[in-house]
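Work through the following exercises with the sequence and the 3D structure open beside you. Try each task before you read its solution.

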Amino acid sequence: MTELIDVRERAPLTFTQRWNTYLAIILAAGVMVVGLTLRDSSLNATVTLENLESGVRAQVPANWLQDTTGDEYLFRVRDPNALPFKTTLQVSVLTVGPDATPDLVLNLLTMQRSSRFATYHEISRSDDTLRDDPAKRMVYAYTEFERNPSLQSLPMVIEGVDLVVLQGTQAVVVTYREEQSAFDDHLYRFDNMLRTLEIF
Amino acid sequence: MSFEPILLAPEAELEEIYPYRRVWRTAWIEITLLLIAVLALYTLSSIFDVISAASREPALKLGIAGLPLALWLLISYRGERRAPQPRPGLLGVMVLGMLVANGVAIPLEERVFVPERWLPTAGFFGRVFGYMFTIGFAAEFLKFAVLRYSVWPHRFQRRLDAIAYALAASIGFATMFNLRVALYTDATVTATALRVASTTFSHLGIGLVVAYFLAELHIGRPPVFWISAGLLLAALLSGLYYGFRGTAIVSGLSVEGTGSAPIRGLALAFGFVALMFASIAFIVQSADSRTEAATGGRQTL
């Protein structure tokens, strides 16, 4: 049986062959940048949501589910793709008396939630500002159970943050809630909404 | 005096022995067998209910995920070993395809581009360009890198060699994605089979574009942006495939509601790979004929 042995020497690459490779690598770097830009522009795209009656306007993530029909909030947006908990951003307005302070509003919220949310407890409270107005920030946590019993999943720990700012006889409460392990990763969405929040 | 005519039998024409494995024949057999296997599984589970439609049997899913690789090993690789002049390094290229898919492509898709978070809800052109500039280009560039830095140019004697090596790299690449679906998702057996067929067919089809452009870079005299153009074309085809797949597998609106049409997705995937095979085979044959006419013989560099 004849065995073929490759004895040819490897010829050096030509100018065209070398530069084809270099350009392909440069192109790959460029396409990577374009791909990341497309991803970022899609994931971080926002739409304006406003309530003229209460005078509140904010930029919220596009493609999130919007709800403006709730009794407890002016508007709420939720990420439909988030698992296991739908990341939530919401703005609500409470009518308060002339002597109200942000601390009193947070106390009221804590009392209401203690009876509604399982194992609700406050983690921290700190001073903050919203467009130079004094505000109060409160971080809290509670557990949420899967409502569908057939899924048989463990309870989730939900972490939330409220920012309260007073505007005349109104207290504007901006809220962000997320499953505890993803809370810090998506906190930028809350900060983005606060930066674009207008109370007029 | 009479002359007896002497009858001479025409000299028997010796048939030229083709010393290489016939790449297209084995590739067609593999994709047809994969299609038949997936169709059989779909029929058994969705129509005759022999296998439960909700079955998530891990061993069965793993078997389906490994089927394209098994077919390639049994048909292409075994055929190559039996050919008088086998192409060396085919198995190594396949393993390299698996390694770059597992080490680079999958982390890029899952941790960097995360297309499932933003592309499924985009419009048709958004999906096409989104997939093109992210996972589409990344996959084709990685296959190019595998071929470019392992067997190109010294193993590319004919254009068909490029096809054989690209199919090996693509099957390795697709296998890692198939295994990921089987091992790490909650998909049913039927859904896994449909996904395996879709992934394998698309990678086999699009990988041929890179192969042809690499072959021409060695055999022909292409311009300096030849490979870049080839990669962009392959990525665009990838984007178009994903774009159309999204449209195909979602059935139309009706009074009964909306639903998925998995068989349409399978038909699209097979139609796509069949079209790619036929187109690239035609282009390679035409290029070989032109080279033969120019050089006066078969091109063996």
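**Exercise 1.** Find out how strand β1 (residues 46-51) of chain A and strand β2 (residues 56-61) of chain A run and how many bridges join them.

*Solution.* Begin with the elements themselves: helices (H or I, at least four residues) and strands (E, at least two) are DSSP runs, numbered from the N terminus. Two strands pair if DSSP finds at least two bridges between them, and here 6 bridges join β1(A) to β2(A), which run antiparallel. Next, look across the pair, where T48(A) stands opposite Q59(A) in β2(A). Finally, follow the chain from one strand to the other: β1(A) and β2(A) form a hairpin with 4 residues between them, and G55(A) in the turn has a positive phi of about 70 degrees.

Before going on, note that this is a predicted model, in which local features need pLDDT of at least 70 and side-chain atom pairs count only at pLDDT 80 or more, while totals for chains, interfaces and linings use all residues. Residues are numbered from 1 along each chain as its sequence is written, and chains are lettered from A and ligands numbered from 1 in the order in which they are written.

**Exercise 2.** Determine how helix α1 (residues 23-47) of chain B packs with helix α8 (residues 262-295) of chain B.

*Solution.* The two helices pack at an angle of about 175 degrees, with their axes 11 Å apart; axes are lines fitted to C-alpha atoms over the stretch in contact, and angles run from 0 to 180 degrees between N-to-C directions. Angles under 35 degrees count as roughly parallel, over 145 as roughly antiparallel, 65 to 115 as roughly perpendicular and the rest as oblique, so α1(B) and α8(B) are roughly antiparallel. Residues are in contact if their C-beta atoms, placed from the backbone, lie within 7 Å, and among those that meet are W24(B) and W28(B) in α1(B), with F270(B) and F277(B) in α8(B).

Key:
Two residues are in contact if their C-beta atoms, placed from the backbone, lie within 7 Å.
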